[in-house]
Amino acid sequence: MTDPQPAPQTHATQSIPVYPATGFVVVNGANLHDPVTISDALTDGDVYMLTPDARRGRLSLITDDDGILSIAESTECGAAGARVFADCAMTLMSPDGATTEAVVLVELDAGGDIAATYLLPLARLAPKTEYALVGYDTETAREKLAQVACVSFARGTHITLSTGEQRRIEDLRIGDKVLSRDDGPQEIRWIGQSTLRAHGPFAPILIRKGTMHNENDLIVSPDHRLFIYQRSDRVGAGRSELLIKARYLVNGDTIVQSEGGFIDYFQLLFDQHQIIYAEGIAAESLLVDNRNRAALPEDLAHEIRKHAISGHLDLEVQERLLDFPDVADVLRKASTTG
(Lines give C-alpha, C1' and ligand atoms only; values in the text may rest on other atoms or scores of the structure.)
Protein backbone atom coordinates (compact mmCIF):
# COMPACT_ATOMS: atom_id res chain seq x y z
CA MET A 1 0.00 0.00 0.00
CA THR A 2 1.26 3.44 -0.87
CA ASP A 3 1.91 6.22 1.62
CA PRO A 4 -0.14 9.19 0.41
CA GLN A 5 0.66 12.76 1.34
CA PRO A 6 -1.69 14.90 3.46
CA ALA A 7 -4.57 16.31 1.46
CA PRO A 8 -5.40 19.97 1.24
CA GLN A 9 -8.63 20.98 2.97
CA THR A 10 -11.26 21.79 0.38
CA HIS A 11 -14.97 22.43 0.35
CA ALA A 12 -17.16 20.49 -2.09
CA THR A 13 -20.37 21.65 -3.76
CA GLN A 14 -23.29 19.36 -4.53
CA SER A 15 -26.45 20.32 -6.42
CA ILE A 16 -29.58 18.25 -5.86
CA PRO A 17 -33.19 18.51 -7.12
CA VAL A 18 -35.57 19.09 -4.19
CA TYR A 19 -39.20 19.92 -3.57
CA PRO A 20 -40.11 22.58 -1.03
CA ALA A 21 -41.97 20.95 1.85
CA THR A 22 -45.18 22.68 0.79
CA GLY A 23 -45.11 20.69 -2.45
CA PHE A 24 -45.58 17.33 -0.66
CA VAL A 25 -48.60 17.35 1.63
CA VAL A 26 -50.58 14.86 3.74
CA VAL A 27 -53.88 14.06 2.02
CA ASN A 28 -55.03 11.36 4.45
CA GLY A 29 -53.95 10.71 8.01
CA ALA A 30 -53.17 12.27 11.36
CA ASN A 31 -51.39 15.33 9.90
CA LEU A 32 -54.01 16.08 7.24
CA HIS A 33 -53.08 19.06 5.01
CA ASP A 34 -49.65 19.44 6.67
CA PRO A 35 -46.51 19.53 4.49
CA VAL A 36 -43.72 17.03 4.97
CA THR A 37 -41.69 17.94 8.03
CA ILE A 38 -38.98 16.84 10.47
CA SER A 39 -38.94 13.37 12.00
CA ASP A 40 -40.31 14.51 15.38
CA ALA A 41 -43.61 15.42 13.72
CA LEU A 42 -43.94 12.56 11.21
CA THR A 43 -46.60 9.89 11.68
CA ASP A 44 -46.39 6.42 10.14
CA GLY A 45 -49.37 5.74 7.92
CA ASP A 46 -49.88 9.32 6.78
CA VAL A 47 -50.51 9.47 3.04
CA TYR A 48 -48.77 12.18 1.02
CA MET A 49 -49.22 13.54 -2.48
CA LEU A 50 -47.47 16.14 -4.61
CA THR A 51 -49.46 19.34 -4.87
CA PRO A 52 -50.56 20.37 -8.39
CA ASP A 53 -48.04 23.23 -8.42
CA ALA A 54 -45.13 21.25 -6.93
CA ARG A 55 -41.89 21.94 -8.79
CA ARG A 56 -38.37 20.77 -8.05
CA GLY A 57 -35.66 23.36 -7.61
CA ARG A 58 -31.89 23.11 -7.45
CA LEU A 59 -30.50 23.19 -3.93
CA SER A 60 -26.73 23.71 -4.05
CA LEU A 61 -24.92 22.64 -0.90
CA ILE A 62 -21.38 23.16 0.34
CA THR A 63 -19.92 20.55 2.66
CA ASP A 64 -17.01 21.85 4.72
CA ASP A 65 -14.10 19.89 6.15
CA ASP A 66 -16.09 19.08 9.30
CA GLY A 67 -19.01 17.70 7.31
CA ILE A 68 -21.23 20.72 7.97
CA LEU A 69 -23.67 21.60 5.19
CA SER A 70 -24.52 25.12 4.07
CA ILE A 71 -26.23 26.60 1.01
CA ALA A 72 -23.97 27.74 -1.85
CA GLU A 73 -24.23 31.06 -3.67
CA SER A 74 -25.26 29.29 -6.88
CA THR A 75 -28.45 27.81 -5.39
CA GLU A 76 -32.00 28.24 -6.71
CA CYS A 77 -33.55 27.30 -3.36
CA GLY A 78 -32.89 28.70 0.09
CA ALA A 79 -30.68 31.47 1.42
CA ALA A 80 -27.01 31.40 0.50
CA GLY A 81 -24.86 30.76 3.55
CA ALA A 82 -27.62 29.19 5.64
CA ARG A 83 -26.86 25.97 7.53
CA VAL A 84 -28.60 22.77 6.43
CA PHE A 85 -28.88 19.34 8.03
CA ALA A 86 -30.23 16.00 6.85
CA ASP A 87 -33.02 15.23 9.32
CA CYS A 88 -34.27 11.81 8.28
CA ALA A 89 -34.74 9.30 5.47
CA MET A 90 -38.38 8.49 4.70
CA THR A 91 -39.66 5.28 3.14
CA LEU A 92 -42.77 5.87 1.05
CA MET A 93 -45.05 3.26 -0.52
CA SER A 94 -47.19 3.88 -3.60
CA PRO A 95 -50.48 2.04 -4.25
CA ASP A 96 -48.73 -0.58 -6.40
CA GLY A 97 -46.55 -1.60 -3.43
CA ALA A 98 -43.35 -0.02 -4.74
CA THR A 99 -41.23 1.80 -2.17
CA THR A 100 -39.34 5.05 -2.66
CA GLU A 101 -36.86 6.67 -0.30
CA ALA A 102 -36.59 10.39 0.26
CA VAL A 103 -34.35 12.55 2.46
CA VAL A 104 -35.77 15.43 4.49
CA LEU A 105 -33.40 18.42 4.55
CA VAL A 106 -33.81 21.35 6.91
CA GLU A 107 -32.53 24.90 6.41
CA LEU A 108 -31.79 26.91 9.56
CA ASP A 109 -31.96 30.66 10.07
CA ALA A 110 -29.33 32.74 11.83
CA GLY A 111 -30.88 31.92 15.21
CA GLY A 112 -30.81 28.17 14.62
CA ASP A 113 -34.55 27.86 14.03
CA ILE A 114 -36.12 26.11 11.04
CA ALA A 115 -36.34 28.46 8.06
CA ALA A 116 -37.40 25.93 5.41
CA THR A 117 -37.74 22.21 4.81
CA TYR A 118 -37.04 20.34 1.56
CA LEU A 119 -37.68 16.84 0.25
CA LEU A 120 -35.03 15.05 -1.81
CA PRO A 121 -36.68 12.00 -3.45
CA LEU A 122 -34.23 9.29 -4.43
CA ALA A 123 -36.56 8.34 -7.29
CA ARG A 124 -39.18 10.21 -9.29
CA LEU A 125 -42.43 10.99 -7.48
CA ALA A 126 -45.46 10.77 -9.79
CA PRO A 127 -48.19 13.45 -9.72
CA LYS A 128 -51.69 12.48 -8.54
CA THR A 129 -50.21 9.45 -6.76
CA GLU A 130 -50.60 8.70 -3.07
CA TYR A 131 -47.51 7.78 -1.05
CA ALA A 132 -47.95 6.22 2.39
CA LEU A 133 -45.23 6.82 4.97
CA VAL A 134 -44.18 3.33 6.07
CA GLY A 135 -41.08 4.31 8.02
CA TYR A 136 -38.39 6.88 8.67
CA ASP A 137 -34.83 6.74 9.97
CA THR A 138 -32.79 9.53 11.52
CA GLU A 139 -29.55 7.52 11.48
CA THR A 140 -29.05 7.03 7.74
CA ALA A 141 -30.15 10.37 6.25
CA ARG A 142 -26.64 11.83 6.02
CA GLU A 143 -25.28 8.59 4.57
CA LYS A 144 -27.96 8.49 1.87
CA LEU A 145 -27.23 12.09 0.92
CA ALA A 146 -23.55 11.15 0.66
CA GLN A 147 -24.34 8.15 -1.53
CA VAL A 148 -25.95 10.48 -4.08
CA ALA A 149 -22.50 12.06 -4.59
CA CYS A 150 -20.70 8.71 -5.10
CA VAL A 151 -19.71 7.66 -8.61
CA SER A 152 -20.79 4.08 -9.12
CA PHE A 153 -20.72 1.11 -11.48
CA ALA A 154 -23.76 -1.16 -11.91
CA ARG A 155 -23.83 -4.80 -10.90
CA GLY A 156 -22.39 -6.99 -13.65
CA THR A 157 -19.77 -4.47 -14.81
CA HIS A 158 -16.50 -6.17 -15.81
CA ILE A 159 -13.44 -4.54 -14.22
CA THR A 160 -9.95 -5.18 -15.60
CA LEU A 161 -7.59 -6.69 -13.02
CA SER A 162 -3.81 -6.25 -13.11
CA THR A 163 -3.54 -9.74 -14.64
CA GLY A 164 -5.80 -8.76 -17.51
CA GLU A 165 -8.69 -10.80 -16.14
CA GLN A 166 -12.15 -9.28 -16.58
CA ARG A 167 -14.06 -9.79 -13.32
CA ARG A 168 -17.59 -8.71 -12.45
CA ILE A 169 -17.58 -5.92 -9.91
CA GLU A 170 -19.77 -7.84 -7.45
CA ASP A 171 -17.12 -10.59 -7.36
CA LEU A 172 -14.25 -8.26 -6.43
CA ARG A 173 -12.80 -8.31 -2.93
CA ILE A 174 -10.78 -5.87 -0.83
CA GLY A 175 -7.10 -6.42 -1.65
CA ASP A 176 -7.71 -7.46 -5.27
CA LYS A 177 -5.35 -5.68 -7.64
CA VAL A 178 -7.01 -3.65 -10.38
CA LEU A 179 -5.22 -2.24 -13.43
CA SER A 180 -5.00 1.56 -13.31
CA ARG A 181 -4.07 3.77 -16.22
CA ASP A 182 -1.48 5.86 -14.39
CA ASP A 183 -0.13 3.75 -11.52
CA GLY A 184 -0.27 0.13 -12.66
CA PRO A 185 -1.72 -2.50 -10.27
CA GLN A 186 -3.68 -0.93 -7.39
CA GLU A 187 -5.21 -2.72 -4.40
CA ILE A 188 -8.86 -2.12 -3.63
CA ARG A 189 -9.22 -0.45 -0.23
CA TRP A 190 -13.02 -0.48 0.04
CA ILE A 191 -16.04 -1.63 -1.94
CA GLY A 192 -19.31 0.19 -1.37
CA GLN A 193 -22.76 -0.98 -2.40
CA SER A 194 -26.15 0.71 -2.52
CA THR A 195 -29.49 0.02 -4.18
CA LEU A 196 -31.66 2.78 -5.64
CA ARG A 197 -34.80 2.93 -7.70
CA ALA A 198 -33.71 3.66 -11.27
CA HIS A 199 -35.99 6.64 -11.76
CA GLY A 200 -35.56 10.37 -12.10
CA PRO A 201 -32.29 12.30 -12.02
CA PHE A 202 -30.40 9.45 -10.33
CA ALA A 203 -31.30 6.84 -12.95
CA PRO A 204 -28.14 5.28 -14.46
CA ILE A 205 -26.53 6.02 -17.81
CA LEU A 206 -26.38 3.10 -20.24
CA ILE A 207 -23.56 3.14 -22.80
CA ARG A 208 -24.44 0.50 -25.34
CA LYS A 209 -21.96 -2.08 -26.57
CA GLY A 210 -19.51 -0.68 -29.13
CA THR A 211 -20.38 2.97 -28.57
CA MET A 212 -17.00 3.81 -27.05
CA HIS A 213 -15.15 0.67 -28.12
CA ASN A 214 -16.71 -1.22 -25.18
CA GLU A 215 -17.28 -4.94 -25.69
CA ASN A 216 -20.38 -4.98 -23.48
CA ASP A 217 -22.93 -2.48 -22.26
CA LEU A 218 -21.59 -0.22 -19.52
CA ILE A 219 -23.95 1.18 -16.88
CA VAL A 220 -22.75 3.91 -14.52
CA SER A 221 -24.16 6.63 -12.28
CA PRO A 222 -24.96 9.92 -14.08
CA ASP A 223 -22.03 11.92 -12.73
CA HIS A 224 -19.47 9.16 -13.25
CA ARG A 225 -16.58 10.63 -15.22
CA LEU A 226 -15.16 8.74 -18.20
CA PHE A 227 -11.61 9.24 -19.46
CA ILE A 228 -11.14 10.13 -23.13
CA TYR A 229 -7.81 10.52 -24.94
CA GLN A 230 -8.19 12.66 -28.07
CA ARG A 231 -5.72 12.26 -30.89
CA SER A 232 -7.25 15.45 -32.25
CA ASP A 233 -9.00 18.10 -30.15
CA ARG A 234 -12.55 17.80 -31.49
CA VAL A 235 -14.25 19.61 -28.57
CA GLY A 236 -11.90 22.57 -28.19
CA ALA A 237 -10.76 21.65 -24.69
CA GLY A 238 -7.15 22.63 -25.42
CA ARG A 239 -5.79 19.27 -24.28
CA SER A 240 -5.82 15.64 -25.32
CA GLU A 241 -6.82 14.03 -21.99
CA LEU A 242 -10.40 14.59 -20.85
CA LEU A 243 -12.75 13.48 -18.06
CA ILE A 244 -16.41 13.80 -19.01
CA LYS A 245 -19.50 13.05 -16.92
CA ALA A 246 -21.59 10.27 -18.41
CA ARG A 247 -24.77 12.39 -18.27
CA TYR A 248 -23.25 14.85 -20.78
CA LEU A 249 -22.89 12.09 -23.38
CA VAL A 250 -26.55 11.05 -23.53
CA ASN A 251 -27.78 11.09 -27.14
CA GLY A 252 -31.05 9.18 -26.84
CA ASP A 253 -29.73 6.30 -28.95
CA THR A 254 -26.41 4.65 -28.09
CA ILE A 255 -26.16 6.41 -24.72
CA VAL A 256 -29.35 6.77 -22.71
CA GLN A 257 -30.56 7.38 -19.18
CA SER A 258 -32.08 4.01 -18.33
CA GLU A 259 -35.14 4.12 -16.08
CA GLY A 260 -37.13 1.35 -14.47
CA GLY A 261 -36.86 -1.00 -11.52
CA PHE A 262 -33.92 -0.90 -9.14
CA ILE A 263 -30.21 -0.47 -9.72
CA ASP A 264 -27.44 -2.08 -7.65
CA TYR A 265 -24.53 0.35 -7.52
CA PHE A 266 -20.94 -0.46 -6.48
CA GLN A 267 -18.15 1.96 -5.58
CA LEU A 268 -14.41 1.16 -5.71
CA LEU A 269 -11.92 3.03 -3.52
CA PHE A 270 -8.12 2.94 -3.80
CA ASP A 271 -5.33 4.72 -1.93
CA GLN A 272 -5.60 7.45 -4.53
CA HIS A 273 -8.17 8.46 -7.10
CA GLN A 274 -7.54 6.28 -10.17
CA ILE A 275 -8.56 5.82 -13.77
CA ILE A 276 -9.45 2.15 -14.18
CA TYR A 277 -11.08 0.08 -16.94
CA ALA A 278 -14.74 -0.95 -16.91
CA GLU A 279 -15.95 -2.94 -19.93
CA GLY A 280 -12.82 -1.62 -21.60
CA ILE A 281 -13.75 2.04 -21.04
CA ALA A 282 -11.40 4.12 -18.91
CA ALA A 283 -13.42 5.48 -15.99
CA GLU A 284 -12.72 6.99 -12.61
CA SER A 285 -12.76 5.26 -9.24
CA LEU A 286 -14.46 6.84 -6.23
CA LEU A 287 -13.08 10.26 -5.41
CA VAL A 288 -13.52 10.86 -1.69
CA ASP A 289 -14.41 14.43 -0.80
CA ASN A 290 -16.51 16.21 1.80
CA ARG A 291 -19.74 15.45 -0.07
CA ASN A 292 -19.49 11.66 0.03
CA ARG A 293 -17.19 10.95 2.99
CA ALA A 294 -20.18 10.02 5.17
CA ALA A 295 -20.88 7.05 2.89
CA LEU A 296 -17.65 5.37 4.04
CA PRO A 297 -17.26 3.33 7.24
CA GLU A 298 -16.32 5.68 10.07
CA ASP A 299 -12.82 4.30 10.63
CA LEU A 300 -11.97 4.42 6.92
CA ALA A 301 -13.48 7.89 6.53
CA HIS A 302 -11.20 9.13 9.32
CA GLU A 303 -8.13 7.53 7.73
CA ILE A 304 -8.86 8.60 4.17
CA ARG A 305 -9.30 12.18 5.37
CA LYS A 306 -5.51 12.36 5.63
CA HIS A 307 -4.92 11.04 2.13
CA ALA A 308 -4.13 13.08 -0.95
CA ILE A 309 -6.56 11.82 -3.55
CA SER A 310 -6.00 13.60 -6.84
CA GLY A 311 -9.34 14.19 -8.45
CA HIS A 312 -7.79 14.73 -11.88
CA LEU A 313 -9.82 17.94 -11.70
CA ASP A 314 -7.70 19.63 -14.35
CA LEU A 315 -8.98 17.08 -16.89
CA GLU A 316 -12.71 17.61 -16.33
CA VAL A 317 -14.65 19.06 -19.25
CA GLN A 318 -17.59 21.34 -18.53
CA GLU A 319 -20.96 20.82 -20.22
CA ARG A 320 -20.73 24.06 -22.24
CA LEU A 321 -17.93 22.57 -24.39
CA LEU A 322 -20.09 19.57 -25.24
CA ASP A 323 -23.12 21.43 -26.59
CA PHE A 324 -23.34 19.84 -30.03
CA PRO A 325 -25.02 16.73 -31.45
CA ASP A 326 -23.75 13.24 -30.55
CA VAL A 327 -20.72 14.16 -28.50
CA ALA A 328 -20.00 10.48 -27.88
CA ASP A 329 -19.54 9.76 -31.59
CA VAL A 330 -17.30 12.81 -32.01
CA LEU A 331 -15.13 11.72 -29.09
CA ARG A 332 -15.00 8.12 -30.31
CA LYS A 333 -13.65 9.33 -33.66
CA ALA A 334 -11.28 11.76 -31.96
CA SER A 335 -9.77 8.91 -29.97
CA THR A 336 -9.01 6.84 -33.06
CA THR A 337 -8.12 9.33 -35.77
CA GLY A 338 -5.47 11.95 -36.12
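These legends go with a set of close-up views of one predicted model. In this predicted model, local features need pLDDT of at least 70 and side-chain atom pairs count only at pLDDT 80 or more, while totals for chains, interfaces and linings use all residues. Residues are numbered from 1 along each chain as its sequence is written, and side-chain values use heavy atoms, with hydrogens and water left out.

**View 1**
The protein chain has a mean pLDDT of 86, with 83% of its residues at 70 or more. Residues 1–10 are the stretch with pLDDT below 50, and beyond near neighbours in sequence they have 20 contacts in the model (contact means heavy atoms within 4.5 Å).

**View 2. F24, Y48 and Y131 are linked by ring pairs into a cluster.**
The structure holds two aromatic pairs. Rings of Phe, Tyr and Trp (its six-membered ring) pair if their centres lie within 6.5 Å; planes under 30 degrees apart are stacked, over 60 edge-to-face, and the rest tilted. F24 and Y48 are stacked, at 5.1 Å centre to centre with 10 degrees between the planes. F24 sits in strand β2 (residues 24–28) and Y48 in strand β3 (residues 47–50), so this pair ties together parts 24 residues apart in sequence. Strands (E, at least two residues) are DSSP runs, numbered from the N terminus. Both are buried (under 20% relative accessible area; exposed is over 50%, partly exposed in between; 1.4 Å probe, protein chains only): F24 comes out at 0% and Y48 at 1%. F24 and Y131 make a tilted pair, because their centres are 6.3 Å apart and their planes at 50 degrees. Y131 is in strand β9 (residues 131–137), so that pair ties together parts 107 residues apart in sequence.

**View 3. A hairpin of three residues joins β13 to β14.**
Strands β13 (residues 177–180) and β14 (residues 184–187) run antiparallel, joined by four bridges (strands pair if DSSP finds at least two bridges between them). K177 stands opposite E187 in β14. On β13, V178 and S180 make up the covered face, K177 and L179 the uncovered one.

**View 4. H213 and E279: two non-glycine residues with positive phi.**
H213, with phi about 65 degrees, is in the loop between β16 (205–207) and β17 (218–220). H213 is partly exposed, at 46% relative accessible area. E279 has phi about 55 degrees and lies in the loop between β22 (275–278) and β23 (281–284). E279 is buried, at 6%.

How values were computed
pLDDT is the predictor's confidence in each residue, from 0 to 100.
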